Every structure is written in structure tokens, then in C-alpha cells.
Amino acid sequence: PQLVASKSSSSRSNTEAESMGAPSFEPLRDIISGAIMAATSVPQLIAYAETVGYAGYRGLSTAGPPLLAWGVATGSPWMNAGVTSLTAVMAKTDLGGEAYVAQYGEEEYVELVAAYSLYVGVASIVMALIGFGKLAQKAPTAVKTGFKWGCELGVLSSALPNGLYAFGSTLKANVATSVFGDVVKTVKGVVPGATGVSGVCNILYAVTNPQTWDVVAALLFISCTLFVMKGKAYLPKSLPPGSEVVLATAAATVFSVYYGYEGGIVGEIPTLDSDAGLSFGPIKIPIEVMDIKGLLNVPIAERCFGGSMVKLFITAAIFSAINFLSIVGIASGFESDNNVSWSAPRELIAQGVSNIAAGAVGSAPVSGSMSRSLVSRMTGATSKLGCIITALLWIYMMPYMSVMSPTPKAALSAVIVSAVVKNVVMPKKLLA
């Protein structure tokens, strides 16, 4: 009788339900979570676009369509996709970003990056059809757990600079002139592809040199992180999940406006020309689509891969495989933490479809985003509708995103850090 009563009880918490599998569909929670994701991801979109090697505003104007395609294709209730630090660095490295911009200009580089996204998308779909997804899903649990922890560590290293310092570039400059900078040079001299060593050294420098922190930025960051992680317990139970994120971000924005915060802020967000976009009768979609035929004629093989289409396809396939490992790590984490099953072939096809969409609008290659996926779960999303809401807001709300212009990057970094810091500091499954 007690078991029957327990099963039929409507008072069971959402957390308990989610620990037993995918949560039950609640559209209001998805809308709130999607809105939070749309707002808190703005600095990442800008930063990763700059990492690719072109203007930061392009990250905002091209983020919606790939995520919309991902949201339609994925089977995960929480996983988000987009340009990540990994895809940004890999694309810039594969295409020789700085040298290409210097020789041909930014506009031609945007076309090059978009064409590469198309090839990565096609490679992902082909690899799904020949069984690579199932092969990757069979990777040992220890490998998947370690990769997930590594992704979370990367998220932490990308968020800390804007959290503890008025401007993220300060940390990079400090590390370069310290003993940690020598470590980075030594490791990269032996293993040039060891890009993660920079992030690890950034974390080690930041936590061991608190005297270098910016006082105001650090206080904002720490207080917002604590509020997002612990504030829910002190808020009215009637408030929906994710309210603590909205309140922390809003409070930080008000502080920035009224007290003249001088640290890093989101800054000016350009808007699309009112006449630009796609029109379907009375429906207007404010996105700019590249000339697909023109992208297929971009001389990417000639200029970046020694004239070899074979080398281009192999590089795109390797890119796709490494990207998919991020998705494996995220999906496996949700499977072990929340018992949410997933299909590797489906997610690899979702990666392919979203990359084709990315190429169509001029975005760099995309993949599963650890930080956004964890924030999506943390803020109460119950289905992939949350991800779709985020995409639609990025597409349709660009003219109004300027309301976030004064928001401190320290506060937005706090939202990201609060989603990963516990697992990074105490990786129970990794230590088990």
C-alpha cells in the first residue's frame, strides 16, 4: 500500500523524478529555462566568435538557426549545441584564421568558415550512417566520465577570467609572465596540440593568486555564484526553477547601471537591418542566409589543405569525431546522473544537421555545449522545447538584446560556473 501511494503521490519533487529518467513535459519551465539560456549565453557567443577570428557580433547573429536545427533533431531534453571553445579553436587552427584574414579579409574568411561548417556537417551525417555513433557510445565508462570531467574543467577555465578579473584578458597576461606561462610554453613545445594546458594553468594561477583579482568583479562573481547555487532554498517555493538565475543577473545589471561598473560588460549588441532576412508571405525571419552554391565554390581545399579534397574530407571527419566526443561526454553524464537514455546515431545526425544550418548562416562549426547543457538542466528544462525557445529568442529578440548591454560579464560567468564547479572540485564518479 505504501508503494502504491508513493507512486501515485503528486508531491514527489521534480528532482526525484528527474533522477529516475527524463522529466515530465512542462512547457512553462521550458520557456523560462530557454529564456535564461538565451540571456546568459550572450558573452559566450561573442567570445567564441572572436576566438574563431571574426567580429564578435557574428556569434550573436548566427547562433539561432544551428540551435533550432539541433533542437528539432536531438533526443535529449537538456543538451544544447553551438560554437564552443573547442570548435572555435579547432576551426581557426584548421583554417589558419589569422593568416587568412590578413591575406583575404574578414568577409572571405566568414565564407571559408561557413563552407567548413558544411563539410563538417556532411561528414557527421556520413559517419552516423556508417556506424561511428554506435562505436563511440561503446567507449568505456571511464573514458566517457573522464572526457565529461575534462569538458567541465574547460568550461570552468573559460568562465573564471571574466569572473575574477575586471577584464578576462588580465588573467591571460598575468599567466604569460608567471611560472605558469613557462609551463604552457614547455608543454606546447613538446605537444603543440595540448591547448588545454592553458586553461588548467589559468585556473591554477587564478586560485593561487587572489591578490590579483579585481575586488568588485570578484565580489559580484562570488556572490552571484553562491546565490545561484544556494538561493533556491531561500526563495518562495512558488517561483519556477531558474528564478535564482534571473534574479542574480537582474540585480547585477541594476548594480552596473546605477553604480557605474567599470569592469567587463556585455556591451553593444548590433541589430540586423530591418530589410534583411527571409520572408514567407506575412512571416519574416530575421536571419541572413549565405549563398549555398557560392559556399561550395569557396576554394577551401586550395587555400587551406594543399589543394587536396581528400585531405579536406579527412580533416572534416576528424573534426566531427572530436566534436562528437563532447556530445558523448554530455549525454553519458545525463545518463549516469539522471538515467536519461540517448541514441548515439541520432545525436551524431543532429550534429550534422546543425552544422549544415551553421554553414548556411555563416557560423563556425557547432557541437554539444557542456556549459549550456548543464545550465539547461539546472534551470529546470523538461524537454528540447527549452533549446528551441532559446534559438527562437536569439533569432527574434536580437533588436531587444541591448537591454543586456550593461550586464557584468562576472555575473554571467557565475551562472556558468555554478553549473560545473561542484563536479570539477569533487568528481565523485571519476574518483569511484
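**Close-up 1. Contact between helices α3 and α22 in a predicted model.** From α3, the residues Pro27, Asp30, Ile31, Gly34, Ala35, Met37 and Ala38 meet Leu385, Gly386, Ile389, Thr390, Leu393 and Trp394 of α22 (contact: heavy atoms within 4.5 Å; helices: DSSP runs of H or I, at least four residues, numbered from the N terminus). By class, this contact of α3 with α22 has nine nonpolar, three polar and one charged residues (nonpolar: Ala, Val, Leu, Ile, Met, Phe, Trp, Tyr, Cys and Pro; charged: Asp, Glu, Lys and Arg; polar: the others, Gly among them).

**Close-up 2. Packing geometry of α3 and α22.** Helix α3 (residues 27–40) packs on helix α22 (residues 385–396) at an angle of about 45°, and their axes are 7 Å apart (axes: lines fitted to C-alpha atoms over the stretch in contact; angles: 0 to 180 degrees between N-to-C directions). α3 is therefore oblique to α22 (under 35 degrees is roughly parallel, over 145 roughly antiparallel, 65 to 115 roughly perpendicular, the rest oblique). The crossing of α3 and α22 is right-handed (near helix turned clockwise from the far one by less than a right angle).

**Close-up 3. Packing of helices α12 and α14.** Between α12 (residues 168–176) and α14 (residues 196–208) the angle is about 95°, with the axes 10 Å apart. This makes α12 roughly perpendicular to α14. Leu171, Asn174 and Val175 of α12 meet Cys201, Asn202, Tyr205 and Ala206 of α14. Five of these contact residues are nonpolar, two polar and none charged.

**Close-up 4. Asparagine 339 in the loop between α19 (309–338) and α20 (344–361).** Although asparagine 339 is not a glycine, its phi is positive, about 60°.

**Notes.** Residues are numbered from 1 along each chain as its sequence is written, and side-chain values use heavy atoms, leaving out hydrogens and water. In this predicted model, local features need pLDDT of at least 70 and side-chain atom pairs count only at pLDDT 80 or more, while totals for chains, interfaces and linings use all residues.

Technical notes. Helices (H or I, at least four residues) and strands (E, at least two) are DSSP runs, numbered from the N terminus.
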